[in-house]
Amino acid sequence: MRILVCGGTGLVGSSILAMLVKKGYTDLRATYMSRSPRNFRNVTWHKVDLRNQAETEELFANIKPDHVYLAAAKVGGMLANTTYKAEFIYDNLAIALNVINSARKFQAERLISIGSATVYPEFAPQPIKEEYLLTGLLDPTKEPYAVAKISAAKLVRYYNEQYKTNYMSVMPTNLYGPNDNFNLETSHVLPALIRKFHLASLLEKNDIEGIKKDFRATPIGFGLDAQVDYESEESLLNALAKIGITKTNGQVIVTVWGTGEAYREFLYSEDLADACVYLMEKVDAEEIRRLSPDYFVNVGTGVDIKLKDLVEMVKQVTGFSGTVVYDAAKPEGTPRRLLDVSKINALGWKAKTDLEAGIKIVYEAYKHRLREKIAKRI
C-alpha cells in the first residue's frame, strides 16, 4: 500500500508520518515546500507546491497513492490569521481543491482531510456538535481560514456523493506538539506561551547569552529578527519588550493577550495522528456519514481549560516565577470552544495524553531542538 502525507513537515503531518512508521508501513511518500524534511525511515520526500494545480496533479500521476492524508495547510494563531487574511483563505482553498480533486482523478482509495474547530460558529452551544456547522456567524479573527476549511469539508462530502469516493474529514481542536511552530508572530497560543515564558525565565536569571541563542535558533517574527543587534544588550531587551517581556526593578513581567477568561481545549498532535490513522484503517466514509452528513467527526479530549489556568500551567512547567499581566484591549477570540467528541468515541477512539504531561514533552522538545541548532552553529 502506498500512502501519501501532504504536508509531512508540519505539526500534524510529521506526527502522522511518525505514527505510520511506528505501525510498520513501508511505502510512505510525503510532500514539503519550505520546511526541511525530517529523516523518517521508509519515507520518500517530494518537494511540491500544493497550491499549484499542475504540480499537484503531476505528483499524484507519478506516485498514484492508495491512501492520502491531507495535512498541508497555512496555519497560525490569531495574530497571523488577522494579518494574512488573503493568504489564509487562498492558500488553504487552493491546497484543498488540488489535493482532493487529484486524489479522485488518480483513484486514491481513501482520503482524510484535516480541518479545524474554527469552522464552527463563534457562539455555538457548548460542547460543539458536528451538526452545528454553518448554524451561525464565524469568529471574525479566524474567518478566512475557517471558510477554507468548511469548503474542504464540503468538497469531501460532494465528491463522495457524486463520485462514490471513500473520503472523510476530521475537525480537531487546538493542537500542540513537539514539532510545533514557535515563531511568535505566526504560532498558536500554546507554543507562543511556552516560548515567551522560556525567554522570560532566561531574563529572570539575567541569562543574556541564553536569550541570544534562542533568538538566533528560532525566528522571533514581527520583523524583529533583522532588527536585533546581538552585540547590544539594550537591543535584546527592546526586542523582548516588543513581544511582551519586560524587566522593571528586577521583576520580570510577561504580557498576555486578552483577559485570560476564555476557555480552550487542547489536543496533543500525536493523539490527532493516532485518530487519523485509526479512522483510515478501521472506519469507512459511510460509517461517518451515518453520524454526520458532511462526512466528518470532531477530534479532541472533551476537556477544556481557562486560559489563565493554562498560563499558570506553562509558568510552572517552564520555571518562570515572575508576574503575568493581561492586556484586555487585545482580542482573545470566541469565549469558549469545546468539542463534543461523542461521535469519534462511539467509533472506538479516545484521546490519551494529559495536557500538563503534553506541555512538559513539548517544552523538553523545544529545548532539545534549541540545543541541536546551537550545536550546528558552533
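Contact here means that heavy atoms lie within 4.5 Å, and the legends below describe close-up views of a predicted model.

**View 1. Ser-15 and the residues it touches.** Ser-15 has its place in helix 1, which covers residues 11-22. When residues up to four places away in sequence are not counted, Ser-15 touches Ser-269, Glu-270 and Ala-273. Is Ser-15 buried or exposed? Its relative accessible area is 8%, and because buried means under 20%, Ser-15 counts as buried.

**View 2. Helix 9, residues 269-282.** This helix has 14 residues and reaches 20 Å from its first C-alpha to its last, which is close to the 20 Å expected at 1.5 Å a residue. How many of the 14 residues of helix 9 are buried? The count is 10 of the 14, so helix 9 is largely enclosed by the rest of the structure.

**View 3. The largest cavity.** A search of the whole structure finds two cavities of 30 Å³ or more, and the largest has a volume of about 70 Å³. The residues that line the largest cavity are Leu-70, Ala-72, Asn-92, Ile-95, Ala-96, Ser-113, Ile-114, Ala-148, Lys-149 and Ala-152. Which elements give two or more residues to this lining? They are helix 4 (85-105), strand 5 (110-114) and helix 5 (143-163). By class, the lining of the largest cavity divides into seven nonpolar, two polar and one charged.

**View 4. The second largest cavity.** The volume of this cavity is about 40 Å³. Its lining includes Ala-117, Thr-118, Tyr-120, Pro-121 and Glu-122, together with residues from elsewhere in the numbering, such as Thr-334, Arg-336 and Arg-337. Four nonpolar, two polar and four charged residues make up the lining of the second largest cavity.

**View 5. The second largest pocket.** About 210 Å³ of space lies in this pocket. Of the 16 residues that line the second largest pocket, Phe-266, Thr-301, Val-303, Thr-353 and Leu-355 lie nearest its centre. The lining of this pocket has six nonpolar, four polar and six charged residues.

**View 6. The whole protein, for orientation.** The protein has 13 helices and 15 strands, and its C-alpha trace spans about 65 × 45 × 35 Å along its principal axes. Of its 378 residues, 56% count as buried.

Key
Residues are numbered from 1 along each chain as its sequence is written. This is a predicted model: local features need pLDDT of at least 70, side-chain atom pairs count only at pLDDT 80 or more; totals for chains, interfaces and linings use all residues. Side-chain values use heavy atoms; hydrogens and water are left out. Helices (H or I, at least four residues) and strands (E, at least two) are DSSP runs, numbered from the N terminus. Buried means under 20% relative accessible area, exposed over 50%, partly exposed in between (1.4 Å probe, protein chains only). The expected span of a helix is 1.5 Å times one less than its number of residues. On a 1 Å grid over the protein atoms alone, a cavity is a set of points where a 1.4 Å probe fits but cannot get out, and a pocket is an open set with protein on both sides within 12 Å along at least five of seven lines; lining residues have an atom within 4 Å of a point. Grid points are joined across faces, edges and corners, and a volume is the space filled by probe spheres set on the points. Ala, Val, Leu, Ile, Met, Phe, Trp, Tyr, Cys and Pro count as nonpolar, Asp, Glu, Lys and Arg as charged, and the others, Gly among them, as polar.
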